[in-house]
Amino acid sequence: MAEEKKMPGALRAPGAGFTRRTFTLGALGAAGLVALGAGAKIVPSKTLLRPPGGQDEVTLWGNCLHCEKCREVCPKGAIGPTHLEDGILNMRTPSMDFKAGWCDFCTNETDGPQCVKVCPTRALILPAGAVLGNTETCEVGNIVLGVAEVNRDWCLAQRGMGCHECVDACAFDALELGYDHVPVVDAERCNGCGACENACISLTAGAIAPGATDRAIVVVPLS
Amino acid sequence: MNENKTKTYRLRMIAMLAVLAVVAVGYFAAGGIGNLCGIGFESITLLCPLGALLAMVAEKTAIPAAVVSVLAVLVICIVLGKVFCSWVCPVHFLSGSKRRKEFRACAANTRKDGEIGGSNAPADAGALTEQEKTALSGCSSCAAPCGKSRGVKIDSRHGILAAALGSTLVFGFPVFCLVCPVGLTFATVLLVMRLFAFGETTWTIIAFIALIAAEVVLLPRWCAKFCPLGALLSLMSGLNRTFRPHLNAEKCLAESRGASCDLCVRACPEGINLHDIAAGETTLADCSKCRACADVCPERAVTFPLLAPKAAGERAATPAPAELDEDLVFAEGAGTDR
């Protein structure tokens, strides 16, 4: 592909304008880019929690130019940068950071999710017929960022401490206390807004369960 | 003169740092300024023209903001040329420092030569000018014809630009953006800020810095040999006719008195030979208006007028219409073919 395109270039600028060295560097660089593209596709990348409208990862990878605008405008500060550890393709794309904030789908903004609004390349774009979660009316919507999962070993309620922070935080009635007072997720009503993960205190000082490496309730991507 | 030289360099450095500072403040403000991959307020965004093209190639659809951005950059390039490279791009400064040092060393030597040539000139001015004229009538540095003096010289950068577009078409995502040193610089700024603000540690910072260092330090002359963004801007700047460097042949030591002065040629980070554009690595389309040539010239023979004076004749003349059209077609082809 690259070589084809290079040939007219070589013909157009004869003599000192296009030396063997120039050609070698160009060919090396071109080959490097093709290898990088193939490599990035082959190396598996983690499925991540995306801002609303970013659920189609292929579109997100194709269109995201890493301008960081969505992260900046998020009123809840819930969008974080993605690191190399999450896969080469995901590098610098937006992902949800529910430790820092949670997504209320910009219920109180008049023009919908701000991240979708500012995205210049439509990498974040709501599909036709999208219904957003509404924290005021408890409507769940059909834009699902992920689903919450409770780790009973790390949950304070499991240890009889009577904690129900996550249940109180949930705006969509997707959490309730089970028979043993440990929160249970209603997967039908959970849209992965992350309010529960954001509210969970299981990793704060004095509340840490032995061996816990994450909060007791976390939102995971849909499989 | 020395003061003047550092003046433009400092001015450029300030301009670049100002953009960097605005972006850095924007990272932690809610204004949504973005970075050089896409910069602006709210929903008005000027996208990186290469990124915009790649995103459209990846999706095989026209994205309104991307089309507008490419056209806006085209207008900027027509009016100001490749100014982005030397006035805004942080990578230009990173890769320039090495070259500047080696250049300074030889600048001192050549300046001496230039002065000697200048003082000797009046004695045998006639003979030297004749010699010089015959020497300059052909190509001064090589016997064979060596490329064009107008339009855009296609080099390795343009090959990489084509590869960037091609690989994006094949793999469906902007491949070059992953390794773009400009984007990575801004990403590193963000990660370093988050490291200090939130104590967020990640290997990514080290990886990004290593990648930028590899591209800028290990590769021979990133900007001149590899950068596809520079290649795209040079194609767009093929139409630029304003603020082009103009060599005043009467003042120039080499042209008027035959001194062996090539300070402006060595100073040019873009590889332009103002004495004989055909002999240079690139043409005036690649001029990033950094004013290094103007600042280094002992006779102040290089100026950047709004429009080159007509008397300049063949040196800074406007290209023949046919060649102009050819360039236009090529620039458009690179933009829309893929």
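The lining of the largest cavity divides into 11 nonpolar, 5 polar and 4 charged residues. The model is predicted. About 160 Å³ of space lies in this cavity. Elsewhere, the largest nonpolar core holds 65 residues, and 18 salt bridges are found over all chains.

**Cavities**

- The count comes to 12 cavities of 30 Å³ or more.
- The largest cavity has 20 lining residues. Those nearest its centre are A:Cys64, A:Cys67, A:Glu68, A:Cys70 and A:Pro94.
- Two elements of chain A give two or more residues each to this lining: α4 (69-73) and β1 (79-81).

**Nonpolar cores**

- Within the largest core, A:Leu33, B:Leu50, B:Phe173 and B:Phe176 touch the most other members.
- Helix α2 of chain B (residues 49-59) gives the most to this core, with 7 residues.
- B:Phe176 contacts A:Leu33 in chain A. Within chain B, B:Phe176 is in contact with B:Leu50, B:Leu54, B:Ala164, B:Pro181, B:Trp222 and B:Pro228. These contacts leave aside neighbours within four places in sequence.
- Another core, of 43 residues, lies apart from the largest one. Its members include A:Met96, A:Ala148, A:Ala209 and A:Ile217.

- A:Val34 is found in helix α2 of chain A, residues 20-42.
- Its relative accessible area is 35%, so A:Val34 counts as partly exposed. The cut-off for buried is under 20%, and for exposed over 50%.
- A:Val34 touches B:Ser167 and B:Phe171, with residues up to four places away in sequence not counted.

**Salt bridges in chain A**

- A:Glu57 pairs with A:Arg50 in a salt bridge. Their closest N and O atoms are 2.7 Å apart.
- A:Glu57 is buried, because its relative accessible area is 14%. A:Arg50 is at 2% relative accessibility and therefore also counts as buried.
- A:Asp180 and A:Arg152 form a salt bridge through their side chains, at 2.3 Å from N to O.
- That pair links distant parts of the chain, 28 residues apart. A:Asp180 sits in the loop between β4 (175-177) and β5 (183-185) of chain A. A:Arg152 sits in the loop between β3 (147-150) and α6 (165-169) of chain A.
- A:Asp180 is partly exposed, with a relative accessible area of 23%. A:Arg152 also counts as partly exposed, at 33% relative accessibility.

**Salt bridges in chain B**

- The side chains of B:Arg157 and B:Asp286 form a salt bridge, with an N to O distance of 2.9 Å.
- B:Arg157 lies in helix α7 (residues 156-171) of chain B, and B:Asp286 lies in the loop between α13 (263-267) and α14 (292-296), so the pair ties together parts 129 residues apart in sequence.
- Both B:Arg157 and B:Asp286 are buried.
- B:Arg157 and B:Asp286 belong to one network of salt bridges that share partners. The network also takes in B:Lys82, B:Asp155 and B:Glu270.

Technical notes. Residues are numbered from 1 along each chain as its sequence is written. Chains are lettered from A and ligands numbered from 1 in the order in which they are written. This is a predicted model: local features need pLDDT of at least 70, side-chain atom pairs count only at pLDDT 80 or more; totals for chains, interfaces and linings use all residues. Side-chain values use heavy atoms; hydrogens and water are left out. On a 1 Å grid over the protein atoms alone, a cavity is a set of points where a 1.4 Å probe fits but cannot get out, and a pocket is an open set with protein on both sides within 12 Å along at least five of seven lines; lining residues have an atom within 4 Å of a point. Grid points are joined across faces, edges and corners, and a volume is the space filled by probe spheres set on the points. Helices (H or I, at least four residues) and strands (E, at least two) are DSSP runs, numbered from the N terminus. Ala, Val, Leu, Ile, Met, Phe, Trp, Tyr, Cys and Pro count as nonpolar, Asp, Glu, Lys and Arg as charged, and the others, Gly among them, as polar. A nonpolar core is a set of buried Ala, Val, Leu, Ile, Met, Phe, Trp, Tyr and Cys residues joined through side-chain atoms within 4.5 Å. Buried means under 20% relative accessible area, exposed over 50%, partly exposed in between (1.4 Å probe, protein chains only). Contact means heavy atoms within 4.5 Å. A salt bridge is a side-chain nitrogen of Lys or Arg within 4 Å of a carboxyl oxygen of Asp or Glu.
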